[in-house]
Amino acid sequence: MLTSQTTEHRCPCGSGKPFAFCCEPYIEGQKLAPTAEQLMRSRYTAFALGAIDYLIETTAPEKRELIDRAIIAEQIQFTTWTGLTILDKEAGHKEDSQGIIEFEAAFETEEEQCVLHERSNFYAKNGQWFYLDGEVEVRPAA
Ligand SMILES: [Zn+2]
């Protein structure tokens, strides 16, 4: 599915690392993201690449029924993600059971350029991080 992204390509999440050594092993299900930040980065990358299954699998099970696959597919189709900036982190390390990541994700549609600002809550269960929910704000890019 993601074969167009090879080891030479930098990861879309902006880590500066090759995709194969950053988010790819998580999105491909080869490894679990060890921290809330890495889960968040890999979810951003999954949005950028259209990996809808991964977005659903990494959402907290109790929130999954709120996900509408068709809406996500449409968002992915009409949105180009152009950059991720991590603004703040609380906990979310390997040994933690909860974490908060605040970030800005830039995207463009055919009509406009926008920035999505979110403060997201994550939790870990049996060594696996999940996205729970977040406060989301979308504004036009400056
Ligand atoms: Zn990455």
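Visitor: Of the contacts with a separation of 6 or more, what share comes from residues 24 or more positions apart?
Guide: In this predicted model, residues 24 or more positions apart account for 45% of those contacts.

Visitor: And how does the radius of gyration sit against that of a compact globule?
Guide: It agrees: for 142 residues a compact globule would come near 14 Å, and the protein has 14 Å. Along the principal axes, the C-alpha atoms fill a box of roughly 40 × 35 × 30 Å.

Visitor: How much of it is buried?
Guide: Buried residues are 39% of the 142. As for the surface, the protein exposes about 8,400 Å², and carbon and sulfur atoms supply 48% of that.

Visitor: How many helices and strands are there?
Guide: Four helices and four strands.

Visitor: In what pattern along the sequence?
Guide: Reading along the sequence gives α-α-α-α-β-β-β-β.

Visitor: Switching to the metal. Which residues are the protein donors of the zinc ion?
Guide: C11, C13, C22 and C23, each through its SG atom, at 2.2 to 2.3 Å from the zinc ion.

Visitor: What spacing do the donors follow along the chain?
Guide: The spacing is C-x1-C-x8-C-C. Both C11 and C22 lie in the segment before α1 (24-27), so the pair ties together parts that are eleven residues apart in sequence.

Visitor: Why is the arrangement called tetrahedral?
Guide: Because the four donor atoms subtend angles of 103 to 115° around the zinc ion. Four donors count as tetrahedral if all angles lie between 85 and 135 degrees.

Visitor: Is C11 buried or exposed?
Guide: C11 is buried, its relative accessible area being 5%.

Visitor: And C22, buried or exposed?
Guide: C22 is buried as well, with a relative accessible area of 1%. The cut-off for buried is under 20%.

Visitor: What does UniProt annotate for residues 35-134?
Guide: The unreviewed UniProt entry carries the annotation "domain: YchJ-like middle NTF2-like" for residues 35-134.

Visitor: How much of that span is helix and how much strand?
Guide: The span is 30% helix and 43% strand, and its end C-alpha atoms lie 17 Å apart.

Visitor: One more residue, Q77. Which helix does it lie in?
Guide: Q77 lies in helix α4, which covers residues 69-78.

Visitor: Buried or exposed, Q77?
Guide: Q77 is exposed, at a relative accessible area of 62%.

Visitor: How far apart are Q77 and E102?
Guide: Q77 and E102 are 25 residues apart in sequence, and their C-alpha atoms are 25 Å apart in space.

Definitions and conventions:
Residues are numbered from 1 along each chain as its sequence is written. This is a predicted model: local features need pLDDT of at least 70, side-chain atom pairs count only at pLDDT 80 or more; totals for chains, interfaces and linings use all residues. Side-chain values use heavy atoms; hydrogens and water are left out. Donors are N, O and S atoms within 2.8 Å of the metal (3.2 Å for Na, K and Ca); water is not among the atoms, so sites may look incomplete. Four donors count as tetrahedral if all angles lie between 85 and 135 degrees; four count as square planar and six as octahedral if opposite donors are over 155 degrees apart and all others between 65 and 115; anything else is irregular. Helices (H or I, at least four residues) and strands (E, at least two) are DSSP runs, numbered from the N terminus. Buried means under 20% relative accessible area, exposed over 50%, partly exposed in between (1.4 Å probe, protein chains only). UniProt positions are given in the numbering used here, feature names are shortened, and annotations may be inferred rather than shown by experiment. The radius of gyration is taken over C-alpha atoms; the globule rule is 2.2 Å times the number of residues to the power 0.38. Contact means heavy atoms within 4.5 Å. Accessible areas come from the Shrake-Rupley method with a 1.4 Å probe; for residues, only the protein chains shown count as cover.
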